[in-house]
Amino acid sequence: MSVNIKVKNAVKKYGDNTVIPDLSVDIREGEFFTLLGPSGCGKTTLLRMIAGFNSIEGGDIYFNDKRINDLDPAKRNIGMVFQNYAIFPHLSVRDNVAFGLKQRKLDKATIREQTDKFMKLMHIDEFADRMPERLSGGQQQRVALARALVIQPDVLLMDEPLSNLDAKLRVEMRAVIKEIQHTVGITTVYVTHDQEEAMAVSDRIAVMNLGEIQQIGSPKTLYQRPANLFVSSFIGRTNILQGKLEMNGETPELVLEGGYRVPMENVQEKYRYDAPVQVSVRPEEFVISPDGEGVRAVIDDSVFLGLNTHYFVTTAEGVKAEIVQESLIDSILPAGMAVTLQVKREKINVLTEDGSDNILTGVLNDKQEG
Amino acid sequence: MKKAKKRDVWSLVSLLILATYALFLIYPLVKLLLASFMKDGQFTTQYFVKFFSNPYYGKTLGNSFKLSIASTIVSLVLGTPLAYFFNMYKIKGRTLLQIIIILCCMSAPFIGAYAWVQLRGNNGVITRFIAQIIGHKPPSIYGFRGIVIVLSLQLFPLVYMLVSGALKNVDNSLLEASENMGITGVSRFFKVVIPLCMPTILAAALLVFMRAFADYGTPLLIGQGYQTFPVIIYNEYFGETGTDHNFAAAVAVVAIIITAVIFLIQKWASNRFEFHMNALHPIEQKKAKGLTNVLIHLYSYVIIGLAFMPQVYVMYCSFRKTSGKIFVPGYGLGSYQKVARDLPLAIRNTFVIGILALAAVVLLAILIAYLVVRRKSRLNDTIDTASMIPYIIPGSVVGIALVIGFNQKPLVLTGTMFIMVVALCIRRIPYTIRSSVAILQQIPITVEEAAISLGCSKMQAFFKATVPMMRSGVLSGAILSWVTIITELATGVILFNRNTVTLTLAIYTQVTRGSDGPAAALATVLNLLTITSLLIFMKVSKNKEITF
């Protein structure tokens, strides 16, 4: 049985050091929810509060309508997968998977049957009698996942489960994780600092920084309409340009370096006044032209990566920017060449001067205030 | 969960352990301190005044210092190069030599002294042999020189083992890098290897110093008038002029203060050198070339041979014929027959006391290690500190403190087996805790959390996940503790009586009576027991590493 998880005004302190000042989030039943942020942002702390391994200094956590703040971790019925797998080295693969079932004092036949089922599901049945030290990292991770799921937990918690694997295996395992989560349909909370991994597996992502949630949304929302400067630069790569918003009659216009004006129809009503702004332009949101209207720049260097070609440019005012273009069949633009940069106006994001808010319409944020 | 933490099972364990410490360690020590300052219920400093005003005691203190420092230096000088050779070069007969080295430092210290007297004493085999060749008696083994030789040969294996452990953590690339920069051979040993092992060398120095300072048997047997501190404590305690508990207590207090100061100095010194290494590519042993190879082998064989000689000689003696108390030509099992009557009791006591002490030490050490590593709190920090106190208390002082603490109502324990068990626990526990802590620190806490998330209670998680993971490490530590427990003399000699005599104490009794044959027979039995234990250890411990 899956549950929804409600975190209300959670506070975490270590001594006088407040790690999470006030955090609220609703995780829906059966969804794959990821806590994403740089190290030290409090994502693992929050996960461990849900698991019961960290104390809660304020606020409440609910599984459905049941408050679990003071519930023993062993009684929360959670499945947990750890960064270092935490496989019991003294038990065989089968005994590792069966550990939780034995603890629940189920009869032998059921234990055998369930253990077999999940080992098969995770494709580790052929290693059933091996000791963990003779398994590869990926196999150990499968054991950890089987062990966590076999007890039919209400919630599956995963703490950077892929960070100890090499790049190729990581990509493979995230498909496995996503698939198994889909098959079992269990509410899953996943912690990672790798934004690409988060986008690959999640239904929704909460981007965290300094113990606070910045934005909650689908991978697409976060990438295309980030709520603030932090989200825009943490999710994917971006160039931050300084500019001004000026009202030209009823139409707001973005004024970029060298007087390049871009009419912006999608500025929120409340922000329609003259003000300095920051502009987030992703590398693929630039268009390079030989001349015409735009920001003047000189190409410093280029990197050909097959599908795309990356250009590194410096504008006339000395701002450095990265541009990605689909590779063309004709030659690569040479270093030293003067070009003009235009922006794809429907894609770029315009932020307040302090970067705390996106002033465009269409920003979806499930984050609860207060 | 902060509130929950106060209530859980582990808090109860903390309190129980603390209570145990308070009763069996703190209480006797406080009584000892009181005894040193009290006369007929009045506060007095007369015992300390006596100690510091009489030049005899001052001289003894000086003797102990001189001898401990000399033994420490000689042990380091002997042991460090040996460890270097064994880890850098291929040595023929390595495994056997390593077993012998371990055996040497595991055997009861005073047996070595006793054997040296047999070999190089006034009428010793070697003494006579040399006298025949050079025409006059060689310099005497007795006194300062003898004690230093015996102690150093006894203690350099400790240095060897600790430094070997450190060298195993030195990455080969460090040595290659220094070679690249033109530092090789002897200069590499002094400029690279020694500094890399400095923290360990300091730790080894402390260990050797403490053992030498607290050693009771060696100076007694081979000192011949060269008085040392532990002998004084013992003599004052069982003095011919009637026992003077209070003065013995005062001397013990002085001893504790001195060892505490040494301990702090060492801590301060090793903090300045502290760094951690972990070798990705451990040093590979190479075959040395030409003369170097010969010299290395010569050095290793001679040193290890010298250290092992007394043991072999004692075993040999046990099979010699005796008449009265002296050996006569010919061989037989007479010595064994003589001890046959006492042997069963001594062996039984050795096992009963040893096993009880070992069980208590292992259980306490695992629990304390867990509390210290996983449950940091002020209470558990206190336990941690308390558990290190015995580290700086010489064995004879532990003995006296226990006698003073438990020889009168409400709790009379003197003369029982229980008090011997307590004494051995106190002696061994700091070492076992240190090694258990080291093992536990290697085990990620997530394994335990995984068990909890799968439905285990905290205690179940500890016993089902953590303890099995600690098992092999703790087991190998336990066998070493076992060996040190069965060869312990210093505390036993104060606490034992006819009924609680152990093998080691039986040997001691025979030696003091001058019955060389029976002493040798008992020592051989003890050695066999030690060797068997070590062989089991080798079998059990996968990595063949010995730590203290």
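Predicted model: local features only at pLDDT ≥ 70, side-chain atom pairs only at ≥ 80, totals over all residues.
Local features are given where pLDDT is at least 70 and side-chain atom pairs count only at pLDDT 80 or more, whereas totals for chains, interfaces and linings use all residues. Residues are numbered from 1 along each chain as its sequence is written, and chains are lettered from A, with ligands numbered from 1, in the order in which they are written.

**View 1. Overall composition of chain A.**
Chain A holds eight helices and 20 strands, where helices (H or I, at least four residues) and strands (E, at least two) are DSSP runs numbered from the N terminus. Its C-alpha trace spans about 75 × 50 × 35 Å along the principal axes. Of the 370 residues in chain A, 41% are buried; a residue is buried if 20 or more other C-beta atoms lie within 10 Å of its own, exposed if 12 or fewer, and partly exposed in between, with C-beta atoms placed from the backbone. Among contacts in chain A between residues at least 6 apart in sequence, 66% join residues at least 24 apart, a contact being a pair of residues whose C-beta atoms, placed from the backbone, lie within 7 Å.

Chain A is divided into domain 1 (5-229) and domain 2 (230-352), with bounds that come from an automatic or database domain assignment. The C-alpha centres of these two domains of chain A lie 39 Å apart, and the contact takes twelve residues from domain 1 and ten residues from domain 2. On the side of domain 1 that touches domain 2, S9, S10 and helix H7 (219-224) of chain A each supply at least two residues. That side of domain 1 divides into six nonpolar, five polar and one charged residue, where Ala, Val, Leu, Ile, Met, Phe, Trp, Tyr, Cys and Pro count as nonpolar, Asp, Glu, Lys and Arg as charged, and the others, Gly among them, as polar. In the loop between strand S9 (204-209) and strand S10 (212-217) of chain A lies A:Leu210, which has a positive phi of about 50 degrees although it is not a glycine. A:Leu210 has 14 C-beta neighbours inside 10 Å and therefore counts as partly exposed.

**View 2. The open sheet of five strands in chain A.**
The strands follow the order S15-S19-S16-S17-S18 in chain A, with antiparallel pairing; two strands pair if DSSP finds at least two bridges between them. Strand S15 (286-289) and strand S18 (320-326) of chain A are the edge strands, each pairing on one side only. From one strand to the next the twist averages 45 degrees, with axes taken as lines fitted to C-alpha atoms, for helices over the stretch in contact, and angles running from 0 to 180 degrees between N-to-C directions. S15(A) is joined by four bridges to strand S19 (residues 338-343) of chain A, and A:Phe286 has A:Val343 in S19(A) as its bridge partner.

**View 3. The hairpin of S1(A) and S2(A).**
Seven bridges pair strand S1 (residues 5-14) with strand S2 (residues 17-27) of chain A in the antiparallel sense. A:Lys12 stands opposite A:Ile20 in S2(A). The hairpin has two residues between the strands, and A:Gly15 takes a positive phi near 60 degrees there.

The buried residues are A:Val93, A:Arg94, A:Asn96, A:Val97, A:Ala98, A:Phe99, A:Gly100 and A:Leu101, and what covers them includes helix H3 (108-121) and helix H4 (137-149) of chain A. Just after H2(A), A:Lys105 takes a positive phi of about 55 degrees. In the loop between S6 and H2 of chain A is A:Ala86, another residue with a positive phi, of about 50 degrees, although it is not a glycine. A:Ala86 counts as buried because it has 25 C-beta neighbours inside 10 Å.

**View 4. The side of chain A that touches chain B.**
Contacts link 20 residues of chain A with 17 residues of chain B. Strand S6 (78-81) and helix H2 (93-103) of chain A each supply at least two residues of the side of chain A that touches chain B. By class, this side of chain A has twelve nonpolar, six polar and two charged residues.

Key:
Contact = placed C-beta atoms within 7 Å.
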